[in-house]
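Here is a short report on one chain. Look over the sequence and the model before reading on.

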Amino acid sequence: MAIIRAERLSKTYRVADKQPGLAGTLRHFVQRRHRDVAAVKGVSFSIEAGEMVGFLGPNGAGKTTTLKMLSGLIHPSGGSAEVAGHIPQRRQADFLRQITLVMGQKQQLIWDLPPLDSLRVNAAVYGLDDATARHRINELAEMLELGEELTRPVRKLSLGQRMKAELLAALLHQPAVLFLDEPTLGLDINAQARVRSFLADYNRRQGATVLLTSHYLADITALCPRVLLIHEGGLFHDGSLRELSSRLAPCRLVRLELEQPRPAADFARYGELEACDGRDVRLLVERERLTDVVARLLADLEVRDLEVSDPPIEELIGRLFRQGEVA
Amino acid sequence: MAGPLRYWRTLKRFWGSALASQMEYQINLLIEVLAMVGNLGGSLLLLWLIYGRGQSLGGWSLEAALVVLGIYTLLDGVSSTLLRPNLGAIVTHVQQGTLDFVLLKPIDSQFWLSSRTISPWGLPEIATGLVLAIGAALHAGARPGVATILGGALMLASSVVILYSLWFVLATTSIWFVKTWNVTEVLRAALSAGRYPISAFPAGLRTLFTVVLPVAFLTTVPAEAILGRSSGSWLLLSLAVATGSLLFSCWFWRLALRDYTSASS
């Protein structure tokens, strides 16, 4: 049974429309103009218990807004959501005990105190008795490789240590559903990898459902068999990363190394020329025509080396997003 | 775990961690005590100037007026200990978006925001205010009986509740306006009128301080109760104002949250 369900979920914000400069400010002060901005437009999906799903999209695509609607922080303007059998925006205690939201750019730990103090506060809020709290803290600390950091003031921790402690605080009540908004933001490669392997481990041990956004595609490729791609507020793709890449690029990339340089005009009949640098040529060729084109290339030209590959997924997604910005 | 017990345990953790983090900044105690000495000294000087020339203040003797000043000092101590650290942080929570963490906890958000921290540096001020109020009342000839003590304590509690509610409502407006810190500064300035008996002010201000801003209920009414000269109807009215403003603050918070949760990004 689906543990997260979004049905034509949408959110429209009213934003003030203000011209720059003093005149604009005065006009804005006297007569406010607003316009509606649709952040999320009728997104539908459902996620089964125990799934790890990646949430992709450029800045402002509506990822955070969707996570906030699913965790009950904001009301949808249209459509409906159901998480763990509850309607999120009612924020019933039973619902809140089953979910957690980690935000990479916000922190809940008390700045001046060691994480352990904040953890004790959270334990009391969630009604955990001391023995249970201690047991869970130890278990999670071991998984996160946190030791004496828990007794050092938060302000003296590195970003990576702090993020791990934030995760500990967010998971103390053993939520069944994890909403993670950029949990690896700003971390170095090693710290990112550790957070990643922790999340995989946690998902395996607890059977928790994870919905994760990240700027680092490596997080998504490592953790999420399934990807939701939001583009301009709508759901663009729901499936595996591999399917996404074949959908974004109906073409494959053919690299040629020639014996003799050829003018660029010679390649138009084979496919879309990406780059022609002397003897090195890169061509985009439609998947259906690939074998045919390769055969012709080998027959027509003196080829020293030939390589066929998928264009890198980062580039494909980046290109999709840039098209969006232009449109 | 049962509800009230969970809240009680949470409160203990809140204050335990708050005290631990305040202890990192010992110099605050010195600053708070100096500020109190300065404030109290100024008020005492003014009272001494007025009464030194044989004048009276709205029909209040010097000792009776000192009871009012004592209660004002006590309330100021409560503000420094509980109200300012907690309610002042609401604006920050809204600005930095950390209110989200509070709203995601399975606990009443108003309880969390109103009791999350405690600053021990206002405690000397509370003690000083209490000593001043009781000492001055005894000098003024008040006879401590069960009714006086009970009435005084009840009125003090009412005045704390009224002050809390007023402040909380103002802090709540930050959900809409984000920067409302100036408003609470205006409130503080207006409330400083509570240093003196309400009858010392001209009729217009007296009405303002009773009806619009409940300054009268903050200091003058409890002082009358401690001096054993308040009427039952004032006591009841004060209790009603306290209950009403507390309920209003709860309702107003829910109202603001509805807007926050439908608009925030």
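## Terms and numbering

Helices (H or I, at least four residues) and strands (E, at least two) are DSSP runs, numbered from the N terminus. Two strands pair if DSSP finds at least two bridges between them.

This is a predicted model: local features need pLDDT of at least 70, side-chain atom pairs count only at pLDDT 80 or more, and totals for chains, interfaces and linings use all residues. Residues are numbered from 1 along each chain as its sequence is written, while chains are lettered from A and ligands numbered from 1 in the order in which they are written.

## Chain A overall

Chain A has 11 helices and 13 strands. Its C-alpha atoms fill a box of roughly 75 × 55 × 45 Å along the principal axes. Of its 327 residues, 37% are buried (20 or more other C-beta atoms, placed from the backbone, within 10 Å of a residue's own).

Strand E11(A) covers residues 272-277. None of its six residues is buried, so the strand lies largely in the open. E11(A) pairs with strand E12(A), residues 280-286, in the antiparallel sense over five bridges. Cys276(A) has Val281(A) as its bridge partner in E12(A). Two residues sit between the strands, and Gly278(A) takes a positive phi near 65°.

## A three-stranded sheet

E2-E1-E4 is the order of an open, antiparallel sheet in chain A. Strands E2 (34-48) and E4 (78-83) stand at the edges with a single partner strand each, so one side of each has no neighbour in the sheet. Strand E1(A), residues 2-16, is joined to E2(A) by 11 bridges. Val15(A) stands opposite Arg35(A) in E2(A).

Conventions: Buried ≥ 20, exposed ≤ 12 C-beta atoms within 10 Å, placed from the backbone.
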